[in-house]
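Student: Hi! Could you walk me through this one?
Tutor: Happy to, let's bring it up.

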Amino acid sequence: MGGFQNYSGSEFMPVLSVTAIANGTTRRFTGTPGCSWPGDQAVSVYFDAAQNNKKGLPRSEALLRCDEDSVLFAVPTPLASVVACTHGRWTPRSEQLIRIAEKTPALAGLRPSRLFPHDIGALSCAIPAGGFVRGRKLSGLCGVTMKNVWSKATVSFTEDWPSGAGKTARHIWHVVVQGTRVIATSQSGPVPPQRRR
């Protein structure tokens with residue numbers, strides 16, 4: 001495998017062009033490190049490596065998944081998830097906390113692993129609606145936020161759904177995790193659609 005890099009632009013807004021050749025196939029990409037998404041994470045890795053930036057390179061490498069995770073390429077773009085990934089909030093610790101919190105009885109029956117993102121952020125979701133019509137789903141937004149990741153973490157699961165006449169309703173489940181144990185739960189907002197009879 002061979003390749004070369006070329007720089008242009010200014011000191012404050014460098015533009016990196018990369019050409020890689022492997023097995024007779026040539027690939028080219030251009031971008032400004034840390035400036036655009038999707039695509040700038042790979043550019044940042046090449047740029048940091050070429051600059052011998054030992055502090056920036058590990059962070060750029062860790063953020064490569066932001067260029068590769070198909071969840072982030074949904075339409076419309078899930079901006080909350082993109083921001084969380086590109087700001088380094090998608091970590092093994094936050095993913096572990098979400099898995100622990102999803103198992104709490106407060107979320108039982110919701111199938112949270114199918115409804116909510118597996119990382120911090122928000123995605124479009126189909127919320128099962130209770131009531132007389134079986135199988136009906138509401139187009140909504142389901143998200144996960146987190147506070148105090150390294151102490152008594154609070155993992156919050158949020159459902160937003162249409163409630164008529166251009167309005168939106170929201171229900172939030174707060175799950176407090178200490179170590180690997182759920183120690184408290186609370187909820188706020190109207191009854192979520194899947195809990196209605």
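Tutor: A term to start with: strands here are DSSP runs of E, at least two residues long, numbered from the N terminus. Also keep in mind that this is a predicted model.

Student: OK. In the hairpin of β2 and β3, which residue takes a positive phi?
Tutor: That is N23, with a phi near 55°. The hairpin has two residues between its strands.

Student: And how many bridges join β2 to β3?
Tutor: Seven, with β2 covering residues 14-22 and β3 covering residues 25-31. The two strands run antiparallel.

Student: Zooming out, how many helices and strands are in the chain?
Tutor: Six helices and eight strands. Going from the N terminus, the order is β-β-β-α-α-α-α-α-α-β-β-β-β-β.

Student: In what order do the strands of the open sheet come?
Tutor: The order is β4-β5-β6-β7-β8, five strands with antiparallel pairing.

Student: Which strands stand at the edges?
Tutor: β4 (121-128) and β8 (181-188). Each has a single partner strand, so one side of each is left without a neighbour in the sheet. As for the twist, it averages 25° from one strand to the next.

Student: What holds paired strands together, in general?
Tutor: Strands of a sheet pair through backbone hydrogen bonds, in either a parallel or an antiparallel way.

Student: Back to β4, then. Over how many bridges does β4 pair with β5?
Tutor: Eight, in the antiparallel sense, and β5 spans residues 137-147.

Student: Which strands does helix α5 lie across?
Tutor: Helix α5 (residues 92-102) lies across β5, β6 (152-162), β7 (168-178) and β8. Its angle to β6 is about 70°.

Student: Switching to α1: which of its residues are buried?
Tutor: Helix α1 takes in residues 40-50, and its buried residues are D40, Q41, V43, S44, V45, F47 and D48. Just after α1 comes N52, which takes a positive phi of about 55°.

Student: What share of the whole chain counts as buried?
Tutor: 39% of the 197 residues.

Student: Last one: what share of the contacts with a separation of 6 or more comes from residues 24 or more positions apart?
Tutor: Those residues account for 39% of such contacts in the chain.

Note on methods. Residues are numbered from 1 along each chain as its sequence is written. This is a predicted model: local features need pLDDT of at least 70, side-chain atom pairs count only at pLDDT 80 or more; totals for chains, interfaces and linings use all residues. Side-chain values use heavy atoms; hydrogens and water are left out. Two strands pair if DSSP finds at least two bridges between them. Helices (H or I, at least four residues) and strands (E, at least two) are DSSP runs, numbered from the N terminus. Axes are lines fitted to C-alpha atoms, for helices over the stretch in contact, and angles run from 0 to 180 degrees between N-to-C directions. Contact means heavy atoms within 4.5 Å. Buried means under 20% relative accessible area, exposed over 50%, partly exposed in between (1.4 Å probe, protein chains only).
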